[in-house]
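Hi everyone, thanks for coming. Let me put the structure up, and then I'll talk you through it.

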Amino acid sequence: MAEQERKQTQREETTEEVTETAEASSPVGEELAEKIDDLLDEIDSVLEENAEEFVKNYVQKGGE
Amino acid sequence: MTERIAGAVLGTETEFGITIRNQPEFNPVLASSLVINSYAGSRARIQWSYEEESPGRDARGFGYEPAPMADFESGLVNVVLTNGARLYVDHAHPEYSTPESTDPLEAALHDKAGEIVLERAAEAAGSALAPEERLLIHKNNSDGKGNSYGAHENYLVARSVPFGELVRHLTPFFVSRQIVTGSGKVGSENGRPDVDFQITQRADFFEEEVGLETTLKRPIVNTRDEPHADPTKYRRLHVIIGDANLSETQIFLKLATTRLVLEAIEAGTLGDPVTLTDPVESVWRVSHDPTLATTIRRSDGSSISAIELQWHYLETIAKHAEMEGVSDVDGRALAEWEETLELLESDPRSAADRLDWAAKLDLLEQYRERDGLTWTDPKLRLVDLQYHDVDRSKGLYHQLVGAGRMRRLFTDDEVAQAAITPPDATRAYFRGRCVEKFGSAIVAANWDSLIFDVGEDALKRVPMMEPRRGGRSMVGALIDGSDTAADLVHALGGSDG
């Protein structure tokens, strides 16, 4: 049930953000962009090194 | 009223991807064996018995009988866990089969528990490797190079339902449910047309409508008929057209909606099936369009989109549910299903908090925007792969969870508990509890029996041909009250025949 409430809150926030962004285009939009950048930065810090080599070496045998 | 059997027992089997960093020549069979053998949560290394059951003998209920001696396949790495699950090496992958459950929410929880088991096993296996080497386990279904491995679902179905009925109704359902079950993938494989991003990991690999194969010429509806239960009453529907999912909501939806459709088929309430002109082509065409605009051709000449097809199933089932009432879990499934289809209809990326493919697409698009990457950039392929890493400190699904971006159905504690505790209402309870308490006396196990060595001349075999027998209410007190396996086996009764 806590899940439901959290979801609802998230939705309300999203709606507010959209409204505010429409009124005064900058601060909230920038905040959102910052949040996304933070997430990508965090993910960058755990991504395997050398993407090309990793992807090339990732070979599996078929299964099932 | 007739007994409802469809989906009354269900579970999943997942083959995990495995790789070792900085050890390009690694042997996946040995690495998988190392993972399984390293798992500390295993109380017993138990042989899996592949013996064929004889229906007349096995139709009886609980009790023991003398076990035949020479029918155990040896040499395979196989562990039966205290939660009733099976952890083993299949082909060149570690595989986790959940214990049987009677509830799709509980089954989803046990599917998640499999990730914890593999995460712990991989961590333990890592200590046997050189310092620069790292063993990685991915809950995915493809290496992006044309090799696929499975995530299968199993549902108990009444033998009395004609298989043709299942095929007619399930084919369009399976084609369309990909928009709910997909885990997303960059690019295409297996000779399918090029695409930047597609909804599922597996669609490119389906080449037949109906068939027995699982490793090549994969069929939309698999005909493997191995019920692991009384074959006169039951069939086990072995569903191979699904992706391994990380999202808890998605695993629940996949299992619960498929079960609802099976129930409707069994009850005869689905009406005339929608028939598609070319189901195999429809599978990849649906998967290749994350905008969900693609329509597929029906035999009557009209066209229909995957989302319209999903609405058709949902509305038909919901109408009957309104008239006849539904269980809590089915009601929850119907509500979640409706909400998810609404989100997908408005903007697929708005389902990023609950569907792996939408979450992955959203993440990839953010990367593309920030770093100006084209779809062929290796970094995007890496993000695609690493989304599935079961290591919670590395897996990108888990990073999204940590950032509060994925909707959860379970707490970490619930998942951890499910990794060691069996479901209450099926024979998995008997299996799991016996492994926990009498593990050293079990010489072999499979889904429908346990074989004990209680120090007497003959081994004692306890058949479990009814998946819904052997639960806590039936055997809990018996196990609690038995000090030894011999006590238990004799308390169960039976004959030395």
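Predicted model: local features only at pLDDT ≥ 70, side-chain atom pairs only at ≥ 80, totals over all residues.

Residues are numbered from 1 along each chain as its sequence is written, and chains are lettered from A and ligands numbered from 1 in the order in which they are written.

Okay, chain A. Its secondary structure is three helices and zero strands, and along the sequence that reads α-α-α. Helices here are DSSP runs of H or I with at least four residues, strands are runs of E with at least two, and numbering starts at the N terminus. Chain A has 64 residues, and 9% of them count as buried. Buried means 20 or more other C-beta atoms within 10 Å of the residue's own; 12 or fewer is exposed, in between is partly exposed, and the C-beta atoms are placed from the backbone.

Now chain B, and its sheet. It's an open sheet of six strands, in the order S5-S6-S7-S1-S9-S14, with antiparallel pairing. To pair, two strands need at least two DSSP bridges between them. Which strands stand at the edges? Those are S5 (78-80) and S14 (234-239), each with a single partner strand, so one side of each has no neighbour in the sheet. Zooming in, S6 (residues 86-90) and S7 (residues 93-97) of chain B are antiparallel and joined by five bridges, with Arg86(B) opposite Ser97(B).

Next, helix H4 of chain B, residues 163-181. A straight helix of 19 residues would span 27 Å, but H4(B) spans only 23 Å between its end C-alpha atoms. The expected span is 1.5 Å times one less than the number of residues. H4(B) also has a kink of about 35 degrees, centred on Val175(B); the bend is the angle between axes fitted to the seven residues ending at a residue and the seven starting there. And 14 of its 19 residues are buried, so H4(B) is largely enclosed by the rest of the structure.

Last, where the chains meet. Chain B puts in 34 residues and chain A 23, contact meaning C-beta atoms, placed from the backbone, within 7 Å. On the chain B side, S2 (17-21), H9 (356-371), H10 (378-386) and H11 (396-402) each supply at least two residues. The largest share, six residues, comes from H10(B).

Terms used. Contact = placed C-beta atoms within 7 Å.
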